[in-house]
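Open the model in your viewer and keep the selection panel at hand. The tour makes two stops.

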Amino acid sequence: MLTAIAVRGRAAHKAGAALEPFSFQRREPGEKDVVIDILFCGICHSDVHQARDEWGGASFPMVPGHEIVGKVSRVGSRVTRFKPGEAAGVGCFVDSCRTCPSCKEGLQQFCEGKLVFTYNSAYPDGSPTYGGYAERIVVDEDYAYKIAAGLPLDRVAPLLCAGITTYSPLRRWKAGKGTKVGVLGLGGLGHMAVQLAASMGAEVTLLSSSRAKEADAKRLGAAEFACTSDPRAVSLHARRFDLMIDTVSAPHPINDYLGCLARDGTMVLVGAPAEPLEVGAHALVLKRRQLAGSLIGGLAETQEMLDYCASHKIGAEVEVIPASKIDEAFDRIVKGDVRYRFVVDAGTI
Ligand code: NAP
Ligand code: ZN
Ligand code: ZN
């Protein structure tokens, strides 16, 4: 019988409850496991959606957090990719079935067997998973990422979700030189989408409900900015974009933004509001537009994105906070008062 590792973290004990100190156990590392002493964990809007059970089906106590970076402190006897002392990252999932067609194609996020999310999920034996608002995590090395030197680790943490969630659709729908990309919403995901799309050579327009974000949008790489609270500003971009990345976390009038797509353009939803969006058929039909969705990215693509960001010196803009301020950060995220990612200093857990 394996012993377990005692870990302190922060947990919500019921939907919408404050995050409180919480002690729990992680498995003793098996031969393919690494133990990562967490340094930083980003706060994704999905953490808020889940801790407040806005998507339904949440399990408590919940230790959120899936933008994890830290230092490897122990490795199992058959670990080959990591050594103690090295930086490592963990994203939104910590295991999958490894045998289904999606896993075999490197699209583990769409595993048709058992996808094990980093938190608010369960291992195949039924025990709950706990996320990165914690001192350490134990993970199979196949589901951990290498972190190249060059960027401060607090700025790397948000890449594990916000980075890959925007990188993946930009690659799949071929953002690059000669393409016009619209990014809707300048929050955690949006500010990564702008930087990444601009670095790939696309001409980027940022559409935001907050006029005050114009200077930041341009500094991050947007050529143009439109304030969505002014319908005229949006209509100036009618039939313009080849690709739009919609990162908005709350209900919004998507037909207005579909109208900004050129003929054959694609709107990719990455934002996941709890409520359905109302789509008018004409907004799609008249210009053969496409409405798509995208979910994080697979293991290989996430590693590719981390290496891309290291070589292009792309990181998140972060506000590092102590664990005692997570509740306040959740409230500020919902109000749109985040520039542009809160990151928990795990040393304060
Ligand atoms: P965030 O930092 O809160 O950013 C969301 C942005 O949406 C805000 O900054 C704001 O931008 C805009 N917004 C929010 N409420 C709005 C409203 N009522 N009307 C218009 N605009 C509004 O959140 P995030 O961490 O980037 O996450 C965004 C969404 O993506 C969340 O729903 C999250 O769950 C989801 N997500 C999905 C995936 C995936 O794999 N598909 C991965 C991670 C996160 P402006 O102020 O610029 O308007
Ligand atoms: Zn996330
Ligand atoms: Zn699978």
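Select G163, I164, Y167, S168 and R171 in α4, then E301, T302, E304, M305 and Y308 in α10: these residues meet, contact meaning heavy atoms within 4.5 Å. The residues of this contact divide into four nonpolar, three polar and three charged. Here Ala, Val, Leu, Ile, Met, Phe, Trp, Tyr, Cys and Pro count as nonpolar, Asp, Glu, Lys and Arg as charged, and the others, Gly among them, as polar.

This is a predicted model: local features need pLDDT of at least 70 and side-chain atom pairs pLDDT 80 or more, while totals for chains, interfaces and linings use all residues. Residues are numbered from 1 along each chain as its sequence is written, chains are lettered from A and ligands numbered from 1 in written order, and side-chain values use heavy atoms, without hydrogens and water.

Now show both helices whole. α4 spans residues 162–172 and α10 residues 299–312; their axes lie 10 Å apart, at an angle of about 100°. The two are therefore roughly perpendicular, the word for angles of 65 to 115 degrees.

Next, select the zinc ion (ligand 3). Its protein donors are C97 (SG), C100 (SG), C103 (SG) and C111 (SG), 2.3 to 2.4 Å away; donors are N, O and S atoms within 2.8 Å of the metal (3.2 Å for Na, K and Ca). Angles of 102 to 119° among the four donor atoms make the site tetrahedral, a label that needs all angles between 85 and 135 degrees.

Finish on the sequence: the donor residues are spaced C-x2-C-x2-C-x7-C.

Key: Axes fitted to C-alpha atoms, helices over the stretch in contact; angles between N-to-C directions. Helix = DSSP H or I, 4+ residues; strand = E, 2+ residues; numbered from the N terminus. Parallel < 35°, antiparallel > 145°, perpendicular 65-115°, else oblique. Tetrahedral: all angles 85-135°; square planar, octahedral: opposite > 155°, others 65-115°.
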